Amino acid sequence: MTIETKDSKVVLEAVQSAVTRYGASQDELIPILNDVNREIGYLPGEALDELSRLLKVPKSQLFSVASFYRMLSTKPRGKHVLQFCESAPCHVAGGREVWLAVKEVLKIEENETTPDGKWTLITTSCLGVCGVGPVMMIDDDVIGNVDPAQVPDILAKYQ
Amino acid sequence: MAIFRSHVLVCVDPECLKKGAHDIMDALQDELVTKGLIDEIQVLETSRIGGCDNGPEIMVYPEGVHYVGISPDDVPYLVEEHFLKGRTAEKFVLKEKTFIDEELSAPTSKEVRIVLKNCGIIDPGNIEEYLAEGGYEGLGKVLTSYTPEETIDIVLRSGLGGRGGAGFPTGKKWQFCRATQEWPKYMICNADEGDPGAFMNRRVLEGDPHAVIEGMIIGAYAVGSSQGYIYCRAEYPLAIKTLNIAIDQAHALGLLGKDILGSGFDFDLEVRMGAGAFVCGEETALMASIEGKRGEPRPRPPFPAVKGLFGKPSNVNNVETYANVPQIIINGPEWYASYGTEKSKGTKTFALAGDVQHTGLIEVPFGLTLREIIFDVGGGIKDGKAFKAIQTGGPMGGCLPAEFLDLPVDYQELAKAGSIMGSGGLVVMDEDTCMVDIARFFMDFVQDESCGKCTPCRVGTRRILEILEGICEGRGKESDLDTLEMLCEQIQEDSLCGLGQGAPNPVVSTLKHFRSEYEAHIKEKRCPAKVCKPLIRYDIVDGPCTGCTVCARNCPVNCITGERRQTHVIDPDVCVRCGICMQVCNFNAIVIN
């Protein structure tokens with residue numbers, strides 16, 4: 001895999017700035033983890049070490065929280081994360097075909113990252129925009145009424 | 001407040017965003033600056049204003065001109081024509097209004113909109129529009145005229161029940177929390193709407209955030225809390241953004257913070273984002289998540305009103321519950337209680353989905369029958385097919401067959417029929433639905449979302465799923481039904497939280513009402529709805545088949561043989577049951593047996 005692993009300085013800076021933003025308390029753990037995850041793309045072991053030191057919470061406990069939530073990742077992710085809605089309303093509206101198209105274009109399966117480190121493909125629970133299903137979310141953009149034929153064009157917009 | 005002569009609303013619905021709505025906004029801003037009009041004309045984001053079929057759509061007020069199909073290059077022309085020369089740029093005007101909001105259309109005659117009153121009507125990013133609709137009048141009334149006890153009494157008399165699904169009287173909940181002599185107390189809004197197909201809370205948060213905030217402030221005053229949290233799922237970034245803007249605006253006007261409206265009452269509010277866990281919609285799991293822990297439920301009692309967030313008394317209500325409160329205060333509890341049935345008062349929002357003509361959000365008074373909801377409000381079943389079942393209450397709800405169509409919908413009647421109100425998902429299923437397959441689908445969801453803390457839910461749902469998969473694939477045994485019933489009972493009895501206790505509902509209700517379908521799968525190895533692929537076979541009928549060879553040429557596994565102009569034959573051992581032959585046949589010669 002050619003995914004660049006972030007150097008320690010970047011990781012520590014991201015942790016520091018999140019802790020400064022929210023305060024060094026376990027109550028703020030979810031916002032802190034969300035921010036670090038967004039900044040780095042995932043939660044590297046180093047980040048958890050540093051958080052453990054700053055928040056005075058055992059690393060095991062931090063890992064148990066980090067691995068519980070679907071949107072936090074303890075493994076490296078690609079530059080863009082494509083979340084595909086796997087819920088019934090989207091499934092019924094033709095989601096299955098779009099899912100197959102996405103996998104074909106990216107040439108990866110669920111929970112995998114493309115070799116160039118650009119894309120990670122995961123599924124998500126209902127995004128609540130069932131009126132415009134099938135729906136997928138790329139980073140923070142919700143994209144509705146997706147047609148299998150549009151998939152290459154949609155993905156091409158992300159550099 | 002600045003006064004603009006014109007407002008340009010740009011639709012930032014996902015569909016329009018995809019077609020470059022933000023580029024249009026940027027181009028508009030730039031052009032207005034260039035032409036020196038930026039102080040006269042305001043550019044705003046809005047939710048869906050049209051069908052989004054023709055690219056970014058914009059609406060210009062006060063004229064109400066609806067433009068479509070604009071690219072950033074067209075913006076200078078548009079600005080010059082409309083805002084400098086003062087004439088409509090005809091070539092971009094939407095010719096035919098074909099727009100239907102799939103999520104929220106104009107109310108039908110049987111609907112009553114209290115919670116959805118402002119959705120799609122006011123700009124959620126502007127507190128002044130909410131104020132113009134009577135917003136924060138309820139709060140003003142409470143702070144100036146009522147004691148906390150009187151406020152609770154009003155909510156109690158209105159009959160408002162918890163809209164998260166359980167229907168517990170909101171006034172009672174507030175009373176319990178007020179009675180606990182410990183401070184600080186926390187006011188929590190559960191905005192972790194995770195049921196697939198349910199999006200009424202999202203629409204309220206995105207369309208009328210101040211109604212929720214106002215409801216929370218009133219509740220906080222009633223229970224004696226000075227700090228609140230809105231726990232919103234991370235899957236709703238727009239709702240979180242809208243809420244944060246709304247909170248800032250409320251702060252600026254002194255509606256949040258210290259000494260609200262000069263009353264001496266302090267209350268502050270913070271949005272907490274989840275990180276993707278369905279179980280966090282359960283109140284104890286939700287509080288654990290705010291505390292920075294794994295979102296795992298804990299046993300109750302102690303109830304949150306006694307020991308909740310950070311071990312302090314807390315009050316947790318759903319988005320819709322809070323959004324009702326300001327209306328109850330303004331119009332009085334008797335007005336609210338005039339809607340609904342004897343035991344369930346007021347209205348409920350539902351997300352109508354599945355095989356029904358008009359899907360989307362509706363708000364109806366309790367007591368309407370399922371038939372009225374499906375046929376009068378929802379327009380009936382799609383494609384003229386027959387109604388088979390309706391699932392109420394989301395993934396942990398039950399499926400009700402046609403004999404329940406005249407059931408008045410309220411908390412008590414649904415429970416009696418073996419289903420639940422839940423958060424308000426209604427999935428309508430037509431005659432082509434296999435109920436075993438549906439039960440399997442929901443069990444797949446539940447076992448995926450089980451947090452894993454207690455064994456009946458973690459392991460039990462997995463076992464149920466395996467049995468259902470076996471039945472759908474033709475490996476069902478006669479003893480399976482007894483095993484299923486036993487498992488369902490144990491999971492219901494022994495699970496810690498609502499997720500586990502409700503998880504077997506789809507299986508229990510389908511076993512009860514559609515038992516013959518399970519039996520057909522098991523004993524006759526037949527799927528009556530012709531859905532379960534391993535149990536069906538495609539055949540070519542002798543008469544209509546003209547031997548045109550289209551099916552054989554399109555079959556991906558080459559299992560169709562036959563001479564030209566002779567009836568063809570499908571080899572069931574090779575056939576993968578993809579159904580392509582049936583789609584391409586021009587003579588309806590292929591049937592499922």
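In which sense do strands E3 and E4 of chain B pair, and over how many bridges? The legends below take up this pairing, then its surroundings. The model is predicted.

**View 1. Strands E3 and E4 of chain B pair side by side in the antiparallel sense.** E3(B) covers residues 58–61. The pairing runs over 3 bridges. One of the residues involved is Ile58(B), whose bridge partner in E4(B) is Tyr67(B).

**View 2. An open sheet of 4 strands lies in chain B.** The strand order is E2-E1-E3-E4. The pairing across the sheet is mixed. Strand E2 (41–46) and strand E4 (65–67) of chain B are the edge strands, and each pairs on one side only. From one strand to the next, the twist averages 20°. In general, strands of a sheet pair through backbone hydrogen bonds, either parallel or antiparallel.

**View 3. Helix H2 of chain B packs on the sheet.** This helix spans residues 21–34.

**View 4. Chain A meets chain B.** The contact takes 33 residues from chain A. Chain B gives 30 residues. On the side of chain A that touches chain B, the elements giving two or more residues are helix H2 (29–40), helix H4 (59–66), helix H5 (88–106) and strand E5 (141–143). H2(A) provides the largest share, 5 residues. By class, this side of chain A has 18 nonpolar, 10 polar and 5 charged residues.

Notes
Residues are numbered from 1 along each chain as its sequence is written. Chains are lettered from A and ligands numbered from 1 in the order in which they are written. This is a predicted model: local features need pLDDT of at least 70, side-chain atom pairs count only at pLDDT 80 or more; totals for chains, interfaces and linings use all residues. Two strands pair if DSSP finds at least two bridges between them. Axes are lines fitted to C-alpha atoms, for helices over the stretch in contact, and angles run from 0 to 180 degrees between N-to-C directions. Two residues are in contact if their C-beta atoms, placed from the backbone, lie within 7 Å. Ala, Val, Leu, Ile, Met, Phe, Trp, Tyr, Cys and Pro count as nonpolar, Asp, Glu, Lys and Arg as charged, and the others, Gly among them, as polar.
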